[in-house]
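This report describes one protein chain for a reader new to structures. Please look over the sequence and the model before reading on.

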Amino acid sequence: MEEALAIVAIFVGLPWLILHYMTKWKTAATITTDDEVLLEELYNLAKRLDERMETVERLVAHDSPDFRPARLSDESDTTPQLRELDRLLAEKKGTFR
């Protein structure tokens, strides 16, 4: 009797347990539509704040010749990344509409 229970546990219970948690891991790793909307809203907010910050820095730089922020004197490191995100968002919107 104990041998039969051990065989059932090994050949039925263990694979079921492994497959069950593999399915849970795969579904938990996906991003939902609500998450995508939130990320897009956060991206747009960050982009607007970046534009505002650039405007403030330009105004301060205009009023004070000693003030030269790094983002005005040379290209920022984030600008190519923002352009890439803009391109990806445009592609996504173009393919899903």
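## The second largest pocket

The second largest pocket has a volume of about 210 Å³. A pocket is found on a 1 Å grid over the protein atoms alone: it is an open set of points where a 1.4 Å probe fits, with protein on both sides within 12 Å along at least five of seven lines, and lining residues have an atom within 4 Å of a point. Grid points are joined across faces, edges and corners, and the volume is the space filled by probe spheres set on the points. Rolling a probe the size of a water molecule over the atoms shows where empty space is left.

The lining of this pocket consists of Ile31, Glu36, Leu39, Glu40, Tyr43, Leu85, Leu88, Leu89 and Lys92. Six of the lining residues are nonpolar, none is polar and three are charged. Here Ala, Val, Leu, Ile, Met, Phe, Trp, Tyr, Cys and Pro count as nonpolar, Asp, Glu, Lys and Arg as charged, and the others, Gly among them, as polar. Helix 2 and helix 4 (78-96) each supply at least two residues of the lining.

## About the model

The model is predicted, so local features need pLDDT of at least 70 and side-chain atom pairs count only at pLDDT 80 or more, while totals for chains, interfaces and linings use all residues. Residues are numbered from 1 along each chain as its sequence is written, and side-chain values use heavy atoms, with hydrogens and water left out.

## The chain as a whole

The chain has four helices and zero strands. Read from the N terminus, the order of elements is α-α-α-α. Helices (H or I, at least four residues) and strands (E, at least two) are DSSP runs, numbered from the N terminus.

Of the 97 residues in the chain, 5% are buried. Buried means under 20% relative accessible area, exposed over 50%, and partly exposed in between (1.4 Å probe, protein chains only). The chain exposes about 8600 Å², and carbon and sulfur atoms supply 64% of this area. Accessible areas come from the Shrake-Rupley method with a 1.4 Å probe; for residues, only the protein chains shown count as cover.

## Helix 2

Which residues of helix 2 are buried? They are Tyr43, Glu57 and Ala61. Tyr43 has a relative accessible area of 11%, so Tyr43 counts as buried. Tyr43 is also one of the residues that line the second largest pocket.

Tyr43 and Asp86 are 43 residues apart along the chain, and their C-alpha atoms are separated by 9.6 Å. Leu89 and Glu40 are 49 residues apart in sequence, with 8.5 Å between their C-alpha atoms.

Leu89 lies in helix 4. Its relative accessible area is 21%, so Leu89 is partly exposed.

## Salt bridges

Side chains of opposite charge can pair when their charged atoms come close. A salt bridge is a side-chain nitrogen of Lys or Arg within 4 Å of a carboxyl oxygen of Asp or Glu. The whole structure holds four salt bridges. One of them joins the side chains of Glu54 and Arg58, at 2.7 Å from N to O. Both residues lie in helix 2, four residues apart, about one turn of the helix. Glu54 is partly exposed at 29% relative accessibility, and Arg58 is partly exposed at 47%.

In helix 4, Glu84 and Arg87 are three residues apart, so about one helical turn separates them. Their salt bridge has its closest N and O atoms 2.4 Å apart. Glu84 is partly exposed at 35%, and Arg87 is partly exposed at 38%. Glu91 also meets Arg87 in a salt bridge, at 2.3 Å from N to O. Salt bridges that share partners join Glu84, Arg87 and Glu91 into one network.
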